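Trainee: I have this one open. Walk me through it, please.

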Amino acid sequence: LGRNGCAALGSTLMRWHAPSLTYLCLNSNAIDDQGLHSMASGLKNCHNLTWLDLGGNQISAAGMKSLSNLFHSDNCSLKDLFLSGMNIGDDGIVALAGALKGNTSLTHVRFNPEEAGITEVGWKALSKLLCDTSTVNNTYLSNHILQTVGFEGRGHDFFGVAQYLAMNKHLQEDAAIYKMFQSHRDFDMKPFFQRGLKFLPVAVEWFERAGKCRFRSDERYLHTLQSRKLSAAYQFVREFNVLVLVGKY
């Protein structure tokens, strides 16, 4: 395919939205960063594309960054991305992790970890993508969609990556709640105080939802939930001098 072919394909996809294109194999087509950049806008137009194979090409961090527009598109339907046969390296995986922030469709990124050239730098970036523990809000905004990174069943649990992927797979919409409770001994409400008491009903509703999640039968979880709820209520009482009634689940 090469650069000229990539430019031609990207231009075609820009004009033709390819409503029936769900599977696109571009494996071993001499695609480099510039070539992928030429195709990126066209790929964004493929609203029904669910399977993309870019393996066996010469794509580095710059090329991964060019996929950002595709991943951040409201119409992105991509679920499987194949990157096998490439030395992605730490820079490439860090760029991919950055591009995937906010994406809500991609569930599998497949490559051979043994040949990808990823060290702890890359695995840390993936871990942060899946569960950013810097704040409660950042944990909530982490990626709870990805289920596979590497080869399914042969993942590496560096920095909790495999654990977080398993949470996404088995807990699904409740993964965010579980990660928040697992990662934070206390929920700091201060960032939300600028919204005043308007945020209080939102907090109450969130805790009610947390009490109905699929692992609610876990006694340790319920104890933790009640403890976090009381702590959050106390923070509101202390800040706004109001009475907050906290019930039990």
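Mentor: Some terms first: helices (H or I, at least four residues) and strands (E, at least two) are DSSP runs, numbered from the N terminus. This is a predicted model with each chain numbered from 1 as its sequence is written, and side-chain values use heavy atoms, without hydrogens or water. Local features need pLDDT of at least 70 and side-chain atom pairs 80 or more, while totals for chains, interfaces and linings use all residues.

Trainee: Fine. Where is Tyr23?

Mentor: Tyr23 sits in strand 1, residues 23–25. Beyond its neighbours within four places in sequence, Tyr23 is in contact (heavy atoms within 4.5 Å) with Leu49 and Trp51.

Trainee: And how far is Tyr23 from Leu78?

Mentor: They are 55 residues apart in sequence, and their C-alpha atoms are 9.5 Å apart in space.

Trainee: Switching to helices. At what angle do helix 6 and helix 8 pack?

Mentor: About 30 degrees, with the axes of helix 6 (120–130) and helix 8 (161–171) 9 Å apart. Axes are lines fitted to C-alpha atoms over the stretch in contact, and angles run from 0 to 180 degrees between N-to-C directions. Helix 6 and helix 8 are therefore roughly parallel; the label covers angles under 35 degrees, with over 145 roughly antiparallel, 65 to 115 roughly perpendicular and the rest oblique.

Trainee: Which residues of helix 6 and helix 8 meet?

Mentor: Trp123, Leu126, Ser127 and Leu130 of helix 6 meet Val161, Tyr164, Leu165 and Asn168 of helix 8. That contact has 6 nonpolar, 2 polar and no charged residues. Nonpolar is Ala, Val, Leu, Ile, Met, Phe, Trp, Tyr, Cys and Pro, charged is Asp, Glu, Lys and Arg, and the others, Gly among them, are polar.

Trainee: Then helix 8 and helix 9: what is the crossing angle?

Mentor: Roughly 140 degrees, and the axes of helix 8 and helix 9 (residues 175–183) come within 8 Å. The two are therefore oblique to each other. Helix 8 brings Gln163, Tyr164, Met167, Asn168 and Leu171, while helix 9 brings Ala175, Tyr178, Lys179 and Gln182. By class this contact has 5 nonpolar, 3 polar and 1 charged residues.

Trainee: What about helix 9 and helix 10?

Mentor: Their angle is about 100 degrees and their axes are 11 Å apart, so helix 9 and helix 10 are roughly perpendicular. Ile177, Met180 and Phe181 of helix 9 meet Trp206, Arg209 and Ala210 of helix 10. The classes there are 5 nonpolar, no polar and 1 charged.

Trainee: Pockets next. Which residues line the largest pocket?

Mentor: Val136, Asn137, Tyr140, Met180, Phe187, Met189, Phe192, Phe199, Val202, Ala203, Trp206 and Phe207. On a 1 Å grid over the protein atoms alone, a pocket is an open set of points where a 1.4 Å probe fits, with protein on both sides within 12 Å along at least five of seven lines; lining residues have an atom within 4 Å of a point.

Trainee: Which helix gives the most to that lining?

Mentor: Helix 10, with 4 residues. Helix 7 (136–140) and helix 10 (200–210) each supply at least two residues.
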